[in-house]
Amino acid sequence: MALGKYCPILQVVGYQNSGKTTLMEKLISRAAQVGLRAASIKHHGHGGAPSYELPSKDSLRHYEAGAVVSSVEGGGTLQLRAKMDDLNLEEMLRFYQFFSIDVIFVEGYKRESYPKVVLLRDEQDLSILDSLTNVQCIISHVQLDQKLVQNYKVFQLNEDHLYIDFLMEVVNKDGVI
């Protein structure tokens, strides 16, 4: 993302162990396959800062999937070894401008309003939808009662050939990548 260049952002959200990192890997890999410079930002949602001794497994998985830059943020620490007070997603996105990125995939930050995909493990996870905005689709581990998700595009977890294509269209909706 060159300075001033539009860069699409897609959030991947869901509860712990819902498949967020695996989906991030698939999206980053597809982006790299089509020649896009993808980046990732992971929110360390377990409280506190990520460990300095152990690099984030998830951001390493993002990098190995093809991200040109990947990071994890939590407790005011961005694991690029940059210490900053009151880090927020907007500041990190501005920082990423210097890496000439084409697309940014964000894992977590449920309260932000970027286009997002929601992963659901079961119907009990549906309550997450009450607090989210800009949901592009749901990916579910189980069949959901259609009445409960009638306002959303829904994919099953095993339909990755369908939802990866759909999500790549979402990030390229303005035809800029």
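Predicted model: local features only at pLDDT ≥ 70, side-chain atom pairs only at ≥ 80, totals over all residues.
How many bridges join β8 to strand β9 (residues 154–156)?

1. To take the opening question: β8 and β9 are joined by three bridges, and the two strands run parallel. Within this pairing, Ile139 sits opposite Phe155 in β9.

2. On the β7 side, strand β7 (residues 116–120) pairs with β8 over five bridges, again in the parallel sense. Here Leu119 is the residue that stands opposite Ile139.

3. Strand β8 itself (residues 135–140) is largely enclosed by the rest of the structure, because five of its six residues are buried.

4. Now the helices. α1 (residues 20–33) packs against α4 (residues 160–171) at an angle of about 65 degrees, and their axes lie 11 Å apart. The crossing is right-handed.

5. The α1 side of that contact is made by Leu23, Lys26, Leu27, Arg30 and Ala31, which meet Asp160, Tyr163, Ile164, Asp165, Leu167 and Met168 in α4. By type, the contact residues come to seven nonpolar and four charged, with no polar ones.

6. α4 has twelve residues and spans 16 Å from first C-alpha to last, close to the 16 Å expected. Its buried residues are Tyr163, Ile164, Phe166, Leu167, Met168, Val170 and Val171. Among the elements covering them are α1, β1 (9–14), β6 (103–107), β7, β8 and β9.

Conventions: Residues numbered from 1 in each chain as written. Heavy atoms only, no water. Buried < 20%, exposed > 50% of the residue type's maximum accessible area, 1.4 Å probe, protein only. Helix = DSSP H or I, 4+ residues; strand = E, 2+ residues; numbered from the N terminus. Pairing = 2+ DSSP bridges. Axes fitted to C-alpha atoms, helices over the stretch in contact; angles between N-to-C directions. Left-handed = near helix turned anticlockwise from the far one by under 90°. Contact = heavy atoms within 4.5 Å. Nonpolar A, V, L, I, M, F, W, Y, C, P; charged D, E, K, R; others polar. Expected span 1.5 Å × (residues − 1).
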